[in-house]
Amino acid sequence: MVPLLLLMLWRESAHSIQHFALMYSERMGINPEVLLKTLWGDFYLNAKAKKIMKGAQVKGKKPLFVQLVLDNIWSLYNAVVTHRDKEKVEKVLASLGVKVMARDSRHSDPKVLLSAICSQWLPVSQAVLSMVCNKLPSPLHIAAERVEKLMSVGVRRFDTLPERTQELKNAFLQCSSNENAPVIVFVSKMVAVETKALPHNKKRPLTQAKISQCRELARQRHAERMAAEQQNHSVNALVDIQSGGLCKGDEIATEGLKESKAEEQRETFIAFARVYSGVVKKGQRIFILGPKYDPAQGLSMLPEHCSPSDSLPEVPHLSCCSIENIYLLMGRELEELEEVPSGNVLGIRGLEDFILKSATISTTPACPPFTPLNIEASPIVRVAIEPKHPGEMSKLVRGMRLLNQADPCAEVLIQETGEHVLITAGEVHLQRCLDDLKDRFAKIEISASKPIIPFRETVVRPPKVDMVNEDLGKQQKVAVIHQDGFDLPCYPRLVIRVVADCLNRRDHIHAEVQVKDEVSHGRATETLHVDSSGLVTLTTPNKLATVSVRAIPLPQEVTCLLENSSALIRTLEQVNMTLREGRNLDISVKTLEAITDLKAQLESKLQGRKWRDAVEHIWAFGPRRCGPNILLNKLEGYQRPSFWQYLCQEDKSGKDGAQAKNIREFDNSIVSGFQLATLSGPMCEEPLMGVCFCIERWDVQSLNWKHENTFEEMATFQEVLGTIKAPESTDALEVTSTHPGQAKRYQEITSADCYGHVSGQLIAAMKEACRHAFQAQPQRLMAAMYTCEIMTTADVLGKVYGVVGKREGRILHEEMKEGTEIFIIKAVVPVAESFGFADEIRKKTSGRASPQMVFSHWEVISSDPYWVPTTEEEYLHFGEKADSSNQALKYMNDVRRRKGLYVEEKIVEHAEKQRTLSKNK
């Protein structure tokens, strides 16, 4: 702790070099400007010549900063903490001109006295204030590129914005506070403050005149009360009426007191904002610009010189409101102001009904919404919340809405099942949000479910060794798969013994057994085929479409790249959608460069024979069209438009129409099936990650009417389609039309089937084909991982390692902080095992270790959840049951059990009836 305290003092003194320069310039008679330049650098003081010389490191001298600053701080520390020399301390206090309270000087802890001395000699407040004033750039020094980046939201370029919007760039650069300058304010977050903490609701100290006035009012009330008691009580009716009126007045007063108390307990939201241009005034009318507001659309719908106070038509994502109060933020205190000029930070009251988390405020509709803030800590832990009393559901909904508005990192949503879900960044953040919801926002008793931890599903390359590290290619495999059947004859008991000398992979055996098991359970054998290489061929039930899909694991670098580039992929998907619609969208140069760089990185990371030209044949990304999974076009003869078509340098206007014609019918059905398959995998209905699905076959027969239609059904179409002739063979019916218009109508009906039964069956077939192709490969779960940084001492390192290992964590590296006894350990811990981790590590180390966890990445769990012993060595090592703990299987079963899916488990095995001594039953 000694070096840490010294380091803290050095930081405080380093920020106040000017203070030391002024102090030593008076004592040494040296120009303070010279000391300011030489106090921090490779300079030393020559005591004989009384000059400041250069080259302290070469000549082995102490630097000037060490001589004049650090040595004095260290001598003070030794006198106060180490040696406790009272005489020396008194001399130091006299030389510094510092006065310490007797309570601090007599304290048993010497660090209290040291803190009291340093807080007066080197106050942190002055150092921080001077640093802010000297180091932080002025609002006038804002760069033009930063202004354009702020004003260009999404993929739009600055030069494509309206002229009136581009003119606002000068207002940013000038940061003017003139009356004619447009008001431009950005609200970064909403802060919840109790209503009673506002300045106008605080109890102010009474003046002498106010005290005299209150005393006089009290005397008058007392006199009136005494006069009322001396009145004649002969008329009882009058007394009853008066007493009834008093009771009624008491009830009204009680209700008013309750309302005022409830008003005091309400939460008020203060918008934390910065003024970029103009002057913000109390009571001013302003425009609230939502994140999706388009200034071009707003200017076209509004009058040219309109203001927020005018009666205006409704514009999407644009609203008007008045500023109730503006405050100067002084820590926890709020100081009410009348106006705030540009370049300042302020708090605004009265915007809670118009702003959720962040927004842009302006007095002109030409202002674009600013780029939203990026939050480093991504929410990963979710819980379902419900009130203990169902009648308080409305309070819970209101409380969750307030919590979502107050916490920028928390997210609130309602699932399809109707559950209210709260998503937070971790265990501590979750507990804080639950406490705020219960005590501040909803003020009701709530029930929270167990934390819902997300997982991902993926496939990996076939393993080369088994669970006992034996080479799979040099031994015999005996795979025995048992599945309990039912009493019905169509659900027989399946026992398969597979003997292979070499090259037979265990995971492929599982896939074939699984397919055979599904066949034995009544699925049509004609519609599904899985070959030994993992290619899955599936036919729709109406036999009109056939797809063949193969699943390939993506390299880990590609998966991480796609996960980090999800926003860029979503942007590119929006651009492609506008191109398919025949419209053109101009995107910024930086976005175009980022897309080009993404494509180049994918090409460099996807190397090898099986990834040849893979980037050019990317069909789609998923799930949600921007996920870390790829749909690859391996069809021969189908050259659909490239996913990177916007990057082509040729003329796009003439190519869009031709590219649209190249898209086959039901192309969207294939993509939709892929999106559904990647959104929920076959293991536990969690999203897929790092999987590439290659379509190697896609056949769609012509949509003609078949013989199965009865003549009554055909007759219903006779009036529209013409005369129907019964064909001699089982081929398509021949349809002749007596009128050209009816033939055209027939073509429209048949072409409209892309949104009918064939399209739906193709979506389902594509989804099932992807799921079977996924199951034909070695399947693994991916767990969310925290990066954990632990600060501890050397004597409890072993206990820290033990807690991390118990939680399925892994130590990455450790290093000792130079000059201290503190070790900094960096580890990764699964999010599923992180609950109670901080408390346990503090208990084990008696508070000498403190972890900090932040969500980092997704990691593949190495164990196979479907693993069973298949070799003689595995049988000898694990036994026939192989009932040792499988962490991946435990996670998978927990998720399946939570979602109501089937979980294969045996509750009681080899049970016997208990026999007593009294009766032998």
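Begin by selecting His 317, which sits in the loop between helix H14 (295–301) and strand S7 (318–322); helices (H or I, at least four residues) and strands (E, at least two) are DSSP runs, numbered from the N terminus. Residues are numbered from 1 along each chain as its sequence is written, and side-chain values use heavy atoms, with hydrogens and water left out. The model is predicted: local features need pLDDT of at least 70 and side-chain atom pairs count only at pLDDT 80 or more, while totals for chains, interfaces and linings use all residues.

His 317 has a positive phi of about 60° although it is not a glycine. Most residues other than glycine have a negative phi, and most peptide bonds are trans. Because its relative accessibility is 43%, His 317 counts as partly exposed; buried means under 20% relative accessible area, exposed over 50%, and partly exposed in between (1.4 Å probe, protein chains only).

Next select Ser 846, in the loop between helix H28 (837–844) and strand S31 (850–860). Its phi, near 55°, is also positive. Is Ser 846 buried or exposed? With 57% relative accessibility, Ser 846 counts as exposed.

Then move to Gly 622 and Pro 623, which are joined by a cis peptide bond with omega at about 0°. Pro 623 belongs to the loop between strand S23 (618–622) and strand S24 (629–633).

**A strand with two partners**

Select strand S12 (residues 359–362). Ala 359 and Ile 361 point one way from S12, Thr 360 and Ser 362 point the other way, and all are buried. In a regular strand the side chains alternate between the two faces of the sheet. Opposite Ile 361 stand Val 185 and Ile 288.

**An open sheet and its helices**

Now display the open sheet of four strands, whose order is S14-S15-S13-S16 with antiparallel pairing. Its edge strands, S14 (411–414) and S16 (446–448), each pair on one side only. Strand S13 (residues 381–387) is paired with S16 over three bridges, and Ile 385 has Ala 448 of S16 as its bridge partner.

Angles run from 0 to 180 degrees between N-to-C directions, and axes are lines fitted to C-alpha atoms, for helices over the stretch in contact. Helix H16 (residues 427–441) packs on the sheet as well, touching S13, S15 and S16; contact means heavy atoms within 4.5 Å.

**A pair of helices**

Select helix H5 (residues 64–82) and helix H8 (residues 110–121), which pack at about 145° with their axes 9 Å apart. Residues in this contact include Ile 73 and Leu 76 of H5 and Leu 113 and Trp 121 of H8.

**The largest core**

Finally, select Ile 348, Leu 422, Phe 693 and Trp 698, which touch the most other members of the 95-residue largest nonpolar core. Such a core is a set of buried Ala, Val, Leu, Ile, Met, Phe, Trp, Tyr and Cys residues joined through side-chain atoms within 4.5 Å. Helix H26 (residues 757–775) contributes the most to this core, with eight residues.

Terms used. Pairing = 2+ DSSP bridges.
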